[in-house]
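Work through the exercises below with the sequence and the model at hand. Each task is followed by a solution in steps.

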Amino acid sequence: MPYVRSGSATVHFNFDQHRNTDSGSAPTLLLAHGFFMDESMFEPMREPLAAAGINLVTIDARCHGRTQSPDGEPFSYWDLAADGLAVLDELGIEKAVVGGMSQGGYAALRMALLAPERVQGLALIDTEAGACSPSELAFYREFFDRWTSSEPMAPLVAELAPQIIGGTDPRLWRAWTSRWYGSDRQAIAPAARCLMDRRSVLHRLPEITAPALVVRGSHDATSTAQKSEAMACGLSGADGVVTIPGAGHGAAWTHPEVVVPLLIRLVERTTAKRESKLAQALGAPWLSRRALPEIQAAQ
């Protein structure tokens with residue numbers, strides 16, 4: 001398993017290297033996952049991104065997946081940003097397009113602020129740049145108090161899955177709900193504090209000049225249309241907000257057939273590839289005819 005030391009954490013990551021190129025010649029996309037998930041949430045994207053000639057790096061955040069950090073030690077999204085840069089260092093990758101879903105987007109924004117010369121583009125999926133509002137903070141405090149207590153898991157999971165994943169097919173939730181039932185409920189506490197204590201970076205968005213993709217699911221009640229628009233307006237490299245019909249907060253997991261072509265287009269835009277592979281990707285077998293109207297609407 002690939003790991004790298006970053007501060008007090010041992011960060012787990014996966015690197016899907018395009019088989020016909022080395023990491024220096026093929027573009028690299030680094031993606032960070034959302035809360036209560038792990039880097040495997042990007043599994044449906046691996047094959048089509050490889051077909052487009054893109055190296056994919058995915059990272060487990062602290063308190064998630066296989067990444068290890070001292071029990072109870074506090075951290076911030078600036079630390080997660082440093083973890084992402086440490087992974088790129090370990091792989092010898094100087095520049096990459098970086099992005100993520102929800103908390104992964106919080107870390108990606110901070111990577112662009114910490115090391116703008118290394119971030120070629122930003123993929124911001126169902127995420128935001130602001131801090132928690134008072135009402136959100138009150139909700140999170142109550143929910144995490146319940147999660148880390150001895151309260152039965154079933155009602156908590158039933159509440160969490162539609163909100164954090166979304167979509168209309170409960171079968172898409174089971175990959176994650178089974179893990180939640182088997183998890184250490186106390187271990188998530190430092191990540192919960194990180195989420196609730198984060199500060200707004202809206203005022204710093206003008207510092208980021210890299211091309212940016214801002215995507216949200218139409219049913220995402222967390223990363224609202226207003227929040228996404230505020231983030232897109234602050235990023236000079238963003239061209240509005242792409243809304244995916246029928247998707248919720250976990251659009252990257254539930255609608256990869258829509259998100260992947262958008263990511264390919266961003267990578268091509270930021271790396272100025274001579275030969276476009278977007279048309280090839282759109283016609284690939286993994287992309288069903290059912291998805292085409294959604295892609296057209298998203299574009």
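**Exercise 1.** In which loop is the place of Glu 39? Find also whether Glu 39 is buried or exposed, and list its contacts.

*Solution.* This is a predicted model, in which local features need pLDDT of at least 70, side-chain atom pairs count only at pLDDT 80 or more, and totals for chains, interfaces and linings use all residues. Residues are numbered from 1 along each chain as its sequence is written, and side-chain values use heavy atoms, with hydrogens and water left out.

Step 1. Glu 39 sits in the loop between strand 3 (28-32) and helix 1 (46-51). Helices (H or I, at least four residues) and strands (E, at least two) are DSSP runs, numbered from the N terminus.

Step 2. The relative accessible area of Glu 39 is 5%, so Glu 39 is buried. Buried means under 20% relative accessible area, exposed over 50%, and partly exposed in between (1.4 Å probe, protein chains only).

Step 3. Leaving aside neighbours within four places in sequence, Glu 39 is in contact with residues including His 12, Asn 14, His 33 and Arg 46. Contact means heavy atoms within 4.5 Å.

**Exercise 2.** Describe how helix 2 and helix 3 pack.

*Solution.* Step 1. Helix 2 (residues 77-91) and helix 3 (residues 103-114) pack at an angle of about 70°, their axes 8 Å apart. Axes are lines fitted to C-alpha atoms, for helices over the stretch in contact, and angles run from 0 to 180 degrees between N-to-C directions.

Step 1. Helix 2 is therefore roughly perpendicular to helix 3. Angles under 35 degrees count as roughly parallel, over 145 as roughly antiparallel, 65 to 115 as roughly perpendicular and the rest as oblique.

Step 2. Among the residues that meet are Trp 78 and Leu 85 in helix 2, and Tyr 106 and Met 111 in helix 3.
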